[in-house]
Structure formats: structure tokens, C-alpha cells
Amino acid sequence: MTDQDNDDAFDPSVLPQMAEQIIELMHRSGSSEFGFDRPSVEKISRFLSLMAERARGSVRSEGGGSPELRMMTPLAAAFVGECLRLEQGGEWKWHNEEIVVVLTNGVVCAPFAMAQKQAAGNSDSENLATLYGAMSVFGALSVDELYLVARGQLDLADRFEAAGVAVAPLEIMSDEDED
């Protein structure tokens, strides 16, 4: 299936509606301050991690986690992607056979892939809150800045730190290290 085939089969208006569902659920549960913002992204990310941890310890977790986790994972992904789309500008699209947000500067964000990783418990550092922080940095870059980053001429460490994203230093191998 091509991205064009997916575009024809997928109605992007569903994802903002899914994100709104999360807000409604959180408001009904007493979180009246929950909205399209960083604190809410952090809260939903923690909630997804907690659900995943509980599902891993549950007998019902065979076959992809508990029913609640399987329902919550795409809702959380839609919520975080919609937060980024609203903050940075962009649109929901199919890209390489997955649903992504393409930000206005061309940066591609894959909240569904990250939510699946988080729900599977693959890493403590790979979660929707970290994705949001990183994409907030990358989405704010101009195309010229993205080019400088790609060439290794622009250090984003301070920006990532300000966004609350921990970044491990890169170890670049020299030709001598390959021997």
C-alpha cells in the first residue's frame, strides 16, 4: 500500500477527535486543567507508562497488553501528535506506511510508533513526553538550522536541556577506531 492509497483510506479528522476524547476523559476524571500543553503531555505519558507496567504484571496482558492499554495507546499517541501539530503547525499524514505529523518545517514526528514502544516497555527514556520535548525543539528550527544540524554545525544541547530532554553525548568514531 502506498502513502497515496493510505491518504485515500484515512480521514485525518479522526485524530484531532481522538485527542479531544482524551481531554474529555481527563476532565470527567477531575483533571480540569488538562489541555493541549506540555504538562498534559507529561501526565498522559506517565499514565500510559503506569498502564503498561500494570499490564505487564497482569495475566490479561498476553497478546499486546490489557484491553485498556490497547485502547489507551492510540488515544495517547493522537493526543501528543495533536499537541505538537497545534503548537508547531503541520498536518497528519501517512508516511512510510505509518501515521505521522509532518511539521511545517518538514520534520516528521511518529507519535504512534513511540506510543507502541512505550506501551511495550522497551525503554524508560523512550516515551511520549520525551518525543514531545524533542519535537518541540526540532519543530521550532528553520530549514537553514535543520541543515546546520545535519552537517554537525549547530549544537542543540542547550535547547534540548531547556525542553527537558536528556541527550547522551555522541561518540563519533574516527577511521582509527574501526581497526
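**Reading the sheet**

Mentor: Start with strand S2, residues 98–103: five of its six residues are buried, so by the definition of buried they fall under 20% relative accessible area (exposed is over 50%, partly exposed in between; 1.4 Å probe, protein chains only). Strands here are DSSP runs (E, at least two residues), numbered from the N terminus. This is a predicted model, where local features need pLDDT of at least 70, side-chain atom pairs count only at pLDDT 80 or more, and totals for chains, interfaces and linings use all residues. Residues are numbered from 1 along each chain as its sequence is written, and side-chain values use heavy atoms, leaving out hydrogens and water.

Trainee: How many bridges join S1 to S2?
Mentor: In general, strands of a sheet pair through backbone hydrogen bonds, either parallel or antiparallel. Two strands count as paired if DSSP finds at least two bridges between them. Here six bridges join S1 (residues 90–95) to S2, and the two run antiparallel. Within S2, valine 100 sits opposite lysine 93.

Trainee: Which residue has a positive phi in the S1 and S2 hairpin?
Mentor: Asparagine 96, near 50 degrees; the hairpin has two residues between the strands.

Trainee: And what joins S2 to S3?
Mentor: Two bridges, again antiparallel, with S3 spanning residues 108–109. Valine 101 has cysteine 109 as its bridge partner, and valine 102 stands opposite valine 108. This hairpin has four residues between its strands, and glycine 106 in the turn has a positive phi of about 95 degrees.

Trainee: What is the strand order?
Mentor: S1-S2-S3, an open sheet of three strands with antiparallel pairing. S1 and S3 are the edge strands, each pairing on one side only.
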